[in-house]
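Me: I have a new structure open and want to learn how to read it. Can we go through it feature by feature?

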Amino acid sequence: TLSKFKASVPVGSSAAEALMMDDVVFEIDNLALNNRSDLFSHQGFARECAALGLATWKKRKKQKPVMLGKKSLPLKPEFENTTLSRSYHSTVVEGLSAKESPVWLKRRLEAVGIRSLNAIIDITNFVMMDSGQPTHAFDLRAVSGKEFITRLSKEGEIIKTLDSVDRILPEGVIVVECGGRIIDLSGIMGGADSEIRSDTKSVYFHSSHYDAVTIRRSMQKLAHRTEGGTIHEKNVELERSHVGFNRALELFREIFPEATFPCKAYSHQHGKSSGRKISFPFEQLRKHTGVAILPKAAKKILEDLGFSVKSSKSSLEVQVPSFRDLTVTIPEDIFEEVIRIFGYSKVQSVPPTISIHPPSKNHALTLRRGVRNFFVSQGFQEE
């Protein structure tokens, strides 16, 4: 159908270009880096590729912020305790439809193995893969005017998830209760009761940070692993929930020109990234890596990776970005960042220098052994 093609294609273009299938797809094995939540996104890997010299970091053009209305939300989000969701942002989007996504969005999702469903759901999946922040949209009809409580489950409670499976919950899974029913396995999978349907016109959209340990334990207990849960269990930075929230609203505005945002946002954030600064003499970097890296080269490597660096003649002061707050805590972590980009292959292998002279004879030990052997030969036993 024509919907699979670009809006306008010059005569003589190849079919691959017309179908938007002329892109280059890199398949990257992430197993060795799976403790870093920032590498579960295209933005994170783009930063790595730029630092390695494989690409040029191209920042997205700054978009005009989406202007939200002044109405109150038709529901009040509540939280059993602040540790379940330390950062939360939500609002209502109206004037939508479960229409087919534009070709560019379909192609990008297909490139990472995600099947296009409809424009609303595709936006949430795209934001997750692009920014590393899972988000979720509820059909507004299912939640409007009701209590919307994020809490821990009680053993034996049941939810029917989006894959049409009735799941019996263990104790301690983060869920959303709405109108007396559980409608969401928060951070893992949405519920069938509030799913986006063919006649959905309005959604309650939220972007949340969830406790990583709780999400990981919940997936293990449920024997149910999802893409969103896998990202949450790596401990996404607190600020990322707001980044994903804003990006999704931009896409709603772009793909649904008729969309409106009548309600103000509900937002909270408990705590923030540490803003850690790590200082060390530059000679310490050379001593630990065994390579005479120039200060200018080290500074560029760190800046390409998103760190802020102040340098002097003899030392570096490094500001750790929020997305590396949990994985870079000491100077040795900084050294590792520098040397892995600089190249382990450039570190010369030098065997350790040790003395091969025999040690001097210990006469006292020789005497002791001789006495012991004599008495043993005479039938004595040592206790």
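**Salt bridges**

Reply: Start with one pair. K106 and E100 form a salt bridge, and their closest N and O atoms are 1.9 Å apart. Keep in mind that this is a predicted model.

Me: Is K106 buried or exposed?

Reply: Look at the relative accessible area. Under 20% counts as buried. K106 has 12%, so K106 is buried.

Me: How many salt bridges does the whole structure hold?

Reply: A search of the whole structure finds 23 salt bridges. Another one joins K234 to E233, with the closest N and O atoms 3.3 Å apart. Both K234 and E233 are buried.

Me: Which residues are linked in a network of salt bridges?

Reply: The network links R36, D38, E48, R324, E337 and R340.

Me: Which residues of helix 3 are buried?

Reply: Helix 3 covers residues 103–111, and its buried residues are V103, L105, K106, R107 and L109. K106 is the salt-bridge partner of E100.

Me: What do the buried residues of helix 3 pack against?

Reply: They pack against helix 4 (119–131) and helix 8 (240–255). Just after helix 3 comes G113, with a positive phi of about 80°.

Me: How do I describe two packed helices?

Reply: Two packed helices are described by the angle between their axes and the distance between the axes. Take helix 10 and helix 11 (residues 331–342). Their axes come within 10 Å and cross at roughly 100°. The two helices, helix 10 and helix 11, are therefore roughly perpendicular to each other.

Me: Which residues of helix 10 and helix 11 meet?

Reply: From helix 10 come A298, I301 and L302. From helix 11 come I334, E337, V338, I341 and F342. The contact of helix 10 with helix 11 has 7 nonpolar residues, no polar ones and 1 charged. E337 also belongs to the salt-bridge network.

**Sheets**

Me: How do I read a sheet?

Reply: Strands of a sheet pair through backbone hydrogen bonds, either parallel or antiparallel. Here, 3 strands form an open sheet in the order 12-14-13, with antiparallel pairing. Strand 12 (277–281) and strand 13 (308–311) are the edge strands, each pairing on one side only. Ignoring direction, neighbouring strands of this sheet are turned by 15° against each other on average.

Me: How many bridges join strand 12 to strand 14?

Reply: Strand 12 and strand 14 (residues 315–319) run antiparallel and are joined by 5 bridges. In strand 14, Q319 is the bridge partner of K277.

Me: Which helices pack on this sheet?

Reply: Helix 9 (residues 282–289) packs on the sheet and touches strand 12 and strand 14. The direction of helix 9 makes about 80° with that of strand 12. Helix 10 (residues 295–304) also packs on the sheet, touching strand 13 and strand 14. The direction of helix 10 makes about 160° with that of strand 13.

Me: What is the strand order in the sheet with mixed pairing?

Reply: In that open sheet, 5 strands follow the order 1-4-7-8-9. The edge strands are strand 1 (76–79) and strand 9 (189–190). Strand 4 (residues 147–152) and strand 7 (residues 174–178) run antiparallel, joined by 5 bridges. R151 has V175 in strand 7 as its bridge partner.

**Positive phi in loops**

Me: Where is S164 found?

Reply: S164 is in the loop between strand 5 (158–160) and strand 6 (166–168). Its phi is near 65°, a positive value in a residue other than glycine. S164 is exposed, because its relative accessible area is 54%.

Me: What is the phi of A223?

Reply: The phi of A223 is near 50°, again positive in a residue other than glycine. A223 sits in the loop between helix 6 (212–222) and helix 7 (227–232). At 70% relative accessibility, A223 counts as exposed.

How values were computed:
Residues numbered from 1 in each chain as written. Predicted model: local features only at pLDDT ≥ 70, side-chain atom pairs only at ≥ 80, totals over all residues. Heavy atoms only, no water. Buried < 20%, exposed > 50% of the residue type's maximum accessible area, 1.4 Å probe, protein only. Helix = DSSP H or I, 4+ residues; strand = E, 2+ residues; numbered from the N terminus. Contact = heavy atoms within 4.5 Å. Pairing = 2+ DSSP bridges. Axes fitted to C-alpha atoms, helices over the stretch in contact; angles between N-to-C directions. Parallel < 35°, antiparallel > 145°, perpendicular 65-115°, else oblique. Nonpolar A, V, L, I, M, F, W, Y, C, P; charged D, E, K, R; others polar. Salt bridge = Lys/Arg side-chain N within 4 Å of Asp/Glu carboxyl O.
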